[in-house]
Amino acid sequence: MKKPTYFSKKNNANRDKGNTQNRVSNFSDRPRGKKQDYAKVNGGVFVYSKPISVGELSKAINVPTPAIIKFLFMQGKAVTINQILDDEMIGTVCLEFGYDFKKEEIVDATHFENLEIEDDPKDLVERPAVVTVMGHVDHGKTTLIDAIRSSHIVDTEAGGISQAIGAYQKEIHGKKITFIDTPGHAAFAEMRARGASVTDIVILIVAADDGVMPQTIEAIGHAKAAGVPMIVAINKMDKPGANPRRVKEELLQHEVVLEEYGGDVMSVEISAKKKEGIDDLLDMVLLKAEMLELKANPNRFAMGTVLEANLDKGEGPKATLLVQNGTLQSTDYVVVGEIYGKIRRMSNEFRQVLKVATPSTPVSVIGLSGVPNAGDRFMAFPTEKEAREIAEKRALEKKAQTQAGSAAMSLNDLNNLINAGKITDINCVVKADTDGSAQALKASLEKLSNDKVRVKVLLAQAGAISESDILLASASHAIIFGFNVRPDARVRAKAEEEHVELRLHRIIYELLDEMEDAMKGMVKAELVEKVTGQAEVRHLYKVSKVGTIAGSYVTSGVIKSGSKVRVLRDGVIVYEGALASLKRFKDDAKEVKEGYECGFTIENFNDIKEGDIVEGYEMVEKE
């Protein structure tokens with residue numbers, strides 16, 4: 001989009017009320033239809049936003065109307081002065097009379113996250129890299145963050161950095177780096193699920209004595225899905241069992257190819273505990289940032305993303321914002337998601353009050369009318385009226401949206417999207433009972449790729465389907481395939497909330513056939529499985545001639561007499577069958593609802609254990 005007047009302030013010192021009001025008017029009037037400025041010739045280029053008439057084109061490029069009509073007539077197109085010209089005719093006329101031409105798309109300020117602003121190259125300046133540290137639990141993420149903090153703060157800061165903000169900046173060799181201290185992969189996925197791309201570089205930390213672990217694989221999946229470059233930090237090199245070579249070879253299995261193996265992923269061996277190798281890691285971050293050529297325009301109103309937010313008892317709604325472009329000033333009004341407010345105070349990680357925040361700067365602000373969500377986009381405006389109007393429009397639009405739209409991909413959507421040429425990749429997440437099965441499925445699914453569409457497996461690992469998998473699928477528009485594993489009620493509810501499709505199978509060929517049929521547009525799903533409820537086994541009673549009675553508590557839904565059931569142990573299916581009996585105390589029961597205790601036996605299965613989850617289900621015809 002052409003840079004609107006609203007964004008083109010040359011320096012922040014000139015942002016007086018008169019100037020800012022003009023900028024707002026020029027920006028907001030065009031999409032609202034109050035200004036009939038159809039086009040303008042600037043530097044020999046005719047820029048327009050919609051089809052215009054012959055008379056309007058004549059005025060815009062200063063060419064007599066009869067000359068345009070005559071030229072088009074000679075081209076075999078008879079037109080009148082009020083006739084609307086299409087793009088082809090506009091382009092033909094412009095080229096004939098010595099102008100280049102360009103059509104710009106106008107985006108309503110209500111949808112500011114969709115704005116594509118072409119900044120003047122001379123307004124762009126270098127900005128700090130935004131870095132997130134990710135890795136498996138206990139691999140040293142927190143220790144590394146603490147080591148970076150304490151290595152580069154002055155003595156007067158006594159005690160380090162305040163936890164009032166979840167992000168901070170450090171200056172290394174005269175250049176700043178912004179570190180985001182996220183609570184984990186879930187928050188990372190949540191922000192991407194809302195369309196926020198905040199991280200420039202991911203530091204993947206792997207313990208040298210532990211190697212690649214489940215959360216390491218998750219972090220790799222998140223970084224790949226976001227298209228963010230990684231730097232691998234092999235930590236705990238001070239431990240006797242440290243084996244960096246094993247770590248590098250394990251990373252190869254997950255398509256993370258380090259530079260020493262001919263890839264493009266940087267790596268460094270460190271000891272966060274002893275603060276060894278930290279400087280080398282930071283140098284790599286600066287080098288990667290230099291290669292990425294990260295730039296932004298500080299000379300316009302700020303846009304960015306909410307990193308975290310909470311309701312403070314004393315100060316009210318409080319949010320940590322990351323300014324991604326433009327300059328945020330303490331006098332600005334901001335729209336965040338569907339709420340707005342005037343900044344009453346803006347501070348950094350040291351609780352120091354700031355008047356301005358430039359690109360890649362994290363700040364804590366108070367003054368919003370409500371608590372936004374992590375990942376919400378924000379934009380600054382100079383007047384309360386404009387901010388309030390846009391926030392109200394956004395709130396109405398959100399309320400009007402139906403739940404029919406899915407963030408993730410459905411198998412039934414594939415054929416239409418493929419035929420329409422709107423899809424080239426199908427993202428999948430594979431969870432299986434064993435790692436061997438997961439890797440076999442990954443290889444088999446990716447072999448289904450053809451010249452029209454490519455199947456891309458973001459994550460393939462052993463274990464139960466988790467909420468983290470749901471978030472990854474939602475953020476990446478992926479389908480989750482479960483092989484011999486089942487989601488619990490909480491995960492199933494999360495999948496419904498995020499509109500993520502779960503495809504659960506026990507036979508590998510059926511899973512592959514389903515995907516292949518979906519790619520051909522032949523999905524047949526007349527009968528679908530409906531989970532009726534789940535019960536947790538809490539006590540076991542051995543009764544001769546009866547077998548093992550499972551004393552259980554129904555945790556969700558309803559358990560029905562004679563229904564089909566499966567026994568889950570740590571999320572993995574250990575048996576499938578049917579209920580032989582169902583009782584409430586000594587009486588037979590047709591069904592037992594959530595919140596009640598019951599006892600039951602399972603046909604031909606006595607190896608049930610305390611802690612097992614028994615899931616009841618039935619096959620129903622799909623509507």
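Me: Is the crossing in which H2 passes H3 left-handed or right-handed?
Reply: This is a predicted model, in which local features need pLDDT of at least 70, side-chain atom pairs count only at pLDDT 80 or more, and totals for chains, interfaces and linings use all residues. Residues are numbered from 1 along each chain as its sequence is written, and side-chain values use heavy atoms, with hydrogens and water left out. A crossing counts as left-handed if the near helix is turned anticlockwise from the far one by less than a right angle, and as right-handed if clockwise. The crossing of H2 over H3 is right-handed.

Me: How are H2 and H3 oriented to each other?
Reply: Helix H2 (residues 54-61) and helix H3 (residues 65-74) have axes 9 Å apart and pack at about 120 degrees; helices (H or I, at least four residues) and strands (E, at least two) are DSSP runs numbered from the N terminus. Axes are lines fitted to C-alpha atoms, for helices over the stretch in contact, with angles from 0 to 180 degrees between N-to-C directions. Angles under 35 degrees count as roughly parallel, over 145 as roughly antiparallel, 65 to 115 as roughly perpendicular and the rest as oblique. H2 and H3 are therefore oblique.

Me: How many charged residues are in the contact of H2 with H3?
Reply: Val54, Gly55, Leu57, Ser58 and Ile61 of H2 meet Thr65, Ile68 and Ile69 of H3, where contact means heavy atoms within 4.5 Å. Nonpolar covers Ala, Val, Leu, Ile, Met, Phe, Trp, Tyr, Cys and Pro; charged covers Asp, Glu, Lys and Arg; the others, Gly among them, are polar. In the contact of H2 with H3, five are nonpolar, three are polar, and the number charged is none.

Me: How does H3 lie relative to H4?
Reply: The axes of H3 and helix H4 (residues 87-96) come within 11 Å and cross at roughly 110 degrees. H3 is thus, relative to H4, roughly perpendicular.

Me: Which strands stand at the edges of the open sheet, and why is one side of each without a neighbour?
Reply: The six strands follow the order S6-S7-S5-S8-S9-S10, with mixed pairing; two strands pair if DSSP finds at least two bridges between them.

Me: Which residue in S9 is the bridge partner of Val202?
Reply: Strand S8 (residues 201-207) and strand S9 (residues 230-235) run parallel and are joined by six bridges. In S9, the partner of Val202 is Met230.

Me: How are H7 and H13 oriented to each other?
Reply: Helix H7 (residues 214-226) lies across S5, S8 and S9. H7 and helix H13 (residues 467-476) pack at about 10 degrees, with axes 10 Å apart. Their relation is therefore roughly parallel.

Me: Is Val491 buried or exposed?
Reply: Val491 sits in helix H14 (residues 489-498) and touches Ile465, Ser466, Glu467 and Ile470, residues up to four places away in sequence not being counted. Buried means under 20% relative accessible area, exposed over 50%, partly exposed in between (1.4 Å probe, protein chains only). With a relative accessible area of 2%, Val491 is buried.
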